[in-house]
Amino acid sequence: MDKYIIEGGRRLFGSVEAQSAKNSVLPLLAASILTGERVTIRKMPRITDALCMAQILRELGADVRLEGEDVTVESADACSHRLSSALTKELRSSVFMLGSLLTRFHRAAIAYPGGCDIGLRPIDIHLNALKRLGVDISERDGYILCECDRLRGAEIPIDFPSVGATENILLAAVMAEGRTVVQGAAKEPEIIDLQNFLNAMGARVRGAGSDVIEIEGVSSLGGVDYTPVKDRIEAGTFLIACAVCGGEVEVKGVRAENIGMLLHKLRENGCKIHIKNDKIKIASGGRLRCNRRIETMPFPGFPTDLQAQITALNASCEGCALIVENLFETRYKYVPELQKMGADIEVKGRHALVRGVERLHGASVVSGDLRGGAALVLAALGAEGTSEVLDLSHIDRGYSDLEGKLKSLGADIRRVRV
Ligand code: UD1
């Protein structure tokens with residue numbers, strides 16, 4: 001297992017380009033088996049979640065090739081509708097495969113995604129929506145079994161704008177008979193990307209980005225050559241890194257409106273933000289101020305996937321910040337690690353009260369999840385002295401070459417095999 005050794009205190013200068021969005025690439029890969037024709041996804045980041053999804057497609061019988069920066073999928077010979085627990089445990093997003101498998105085979109069997117975490121990350125919204133499309137759902141031996149003679153378009157109101165459930169509905173409704181209308185859909189940019197990808201395959205989907213999405217079922221879909229939207233969470237991580245360390249950094253590829261709430265919060269901290277087309281420049285100097293309150297919300301609210309990173313920033317700002325995590329209850333697991341670096345943070349349920357300290361100090365910390373791990377890296381970059389961040393497997397799920405990109409900005413970070 002690899003670790004990072006980070007010497008804190010370097011300011012960051014330069015320019016980085018965001019990778020393609022993890023949260024786009026995963027549903028796009030799932031969508032690639034909706035046709036037997038060739039699908040090319042350009043610039044697929046070599047993150048382990050995407051590689052795991054590629055492996056899932058291979059196990060279904062698809063021919064998946066990583067060529068340079070791209071990936072091609074040809075699934076004319078795909079024949080299995082069953083995902084084993086070894087794969088679904090590895091990748092919770094494997095739940096997207098339900099929609100694609102149902103469209104392709106009219107049946108799907110997947111082991112409960114995320115293993116025992118199911119209690120914490122339920123999939124009831126996904127399953128209820130599929131039922132409305134005419135799918136029979138049962139459970140046997142830890143598998144969810146879905147079956148239908150045909151998928152029928154339907155009105156689908158969803159109680160909470162779940163990103164994954166909205167995407168699953170698109171994947172299941174795209175070739176259903178008639179028209180599907182999703183009410184209360186999630187509005188994330190990655191959903192617009194999935195709509196564009198499906199329409200480029202010949203689908204008729206409109207409304208993504210708003211809370212009503214209409215899908216007119218078509219009889220077949222063809223191949224596509226597509227470049228996904230850039231990763232607003234990775235881009236946000238670099239912007240926060242610059243805020244933590246001081247300096248001037250330009251992040252290319254992400255439209256400001258896709259991270260509007262983060263930019264607003266960074267300005268509140270005292271950073272200067274300059275936007276030109278898809279380039280965002282941040283300048284940070286001197287001690288920043290804490291944000292008074294940050295609440296994570298579905299898009300366009302503050303993203304839960306940047307909650308840990310902005311908390312790490314606030315940990316050494318002046319004043320106090322109240323962070324409210326509204327999406328995932330257990331998303332403060334990184335806090336005890338930040339405390340090892342001297343952070344003063346009190347967690348109560350969904351709330352974290354951050355009292356900014358003058359400076360964090362280096363420590364040996366363990367990365368227990370993807371975004372929490374990124375937050376520890378940012379904290380270490382700004383801390384006094386040397387830190388080690390242990391277990392990079394979670395960070396590798398969502399960041400491709402994080403250390404290389406940070407190094408190019410002047411950070412002192414090394415990846416070491418343990
Ligand atoms: C997606 C993102 C993830 C991000 C999250 C919230 C991908 C691959 N992952 O995850 O990075 O953190 O959106 O922006 O795109 N819920 C239910 N029942 C369901 C589905 C969800 O109760 O059937 C709850 C979840 O427990 C959670 C909330 O809804 O509290 C948000 O979940 P959801 O939007 O579905 O997140 P994901 O699609 O899993």
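This is a predicted model: local features need pLDDT of at least 70, side-chain atom pairs count only at pLDDT 80 or more; totals for chains, interfaces and linings use all residues.
Local features need pLDDT of at least 70 and side-chain atom pairs count only at pLDDT 80 or more, while totals for chains, interfaces and linings use all residues. Residues are numbered from 1 along each chain as its sequence is written, and side-chain values use heavy atoms, with hydrogens and water left out.

**View 1. The shell around the ligand.** Here we look at the 20 residues around the ligand, where being around it takes a heavy atom within 4 Å. Asp124, Ile125, Ser162, Asp305 and Leu327 come nearest. Sorted by class, the shell holds nine nonpolar, six polar and five charged residues. For that sorting, Ala, Val, Leu, Ile, Met, Phe, Trp, Tyr, Cys and Pro count as nonpolar, Asp, Glu, Lys and Arg as charged, and the others, Gly among them, as polar. Domain 1 (2-19 + 230-417) and domain 2 (22-226) each supply at least three residues; the bounds come from an automatic or database domain assignment.

**View 2. Polar atoms up against the ligand.** Zoom in on the polar contacts, pairs of N or O atoms within 3.5 Å (within protein, one must be able to donate a hydrogen and the other to accept it, and residues adjacent in sequence count only if both atoms are side-chain atoms). Serine 162 puts a polar side-chain atom 2.6 Å from a ligand oxygen. From proline 122, a backbone N or O atom sits 3.3 Å from a ligand nitrogen. Glycine 164 has a polar backbone atom 2.8 Å from an oxygen of the ligand. On its own the ligand exposes 730 Å², and the protein buries 87% of that (Shrake-Rupley areas, 1.4 Å probe; for residues, only the protein chains shown count as cover). Helix H5 (124-132) and helix H6 (163-173) are the elements giving two or more residues to the shell, and H5 gives the most, with three. Helices (H or I, at least four residues) and strands (E, at least two) are DSSP runs, numbered from the N terminus.

**View 3. Glutamate 388 and its neighbours.** This residue belongs to strand E23 (residues 386-390). Glutamate 388 is partly exposed, at 23% relative accessible area. Its side chain makes polar contacts with the side chains of lysine 3 (2.7 Å) and serine 364 (3.0 Å). Leaving aside residues up to four places away in sequence, glutamate 388 touches Lys3, Tyr4, Ala363, Ser364 and Val365, with contact meaning heavy atoms within 4.5 Å.

Methods: Buried means under 20% relative accessible area, exposed over 50%, partly exposed in between (1.4 Å probe, protein chains only).
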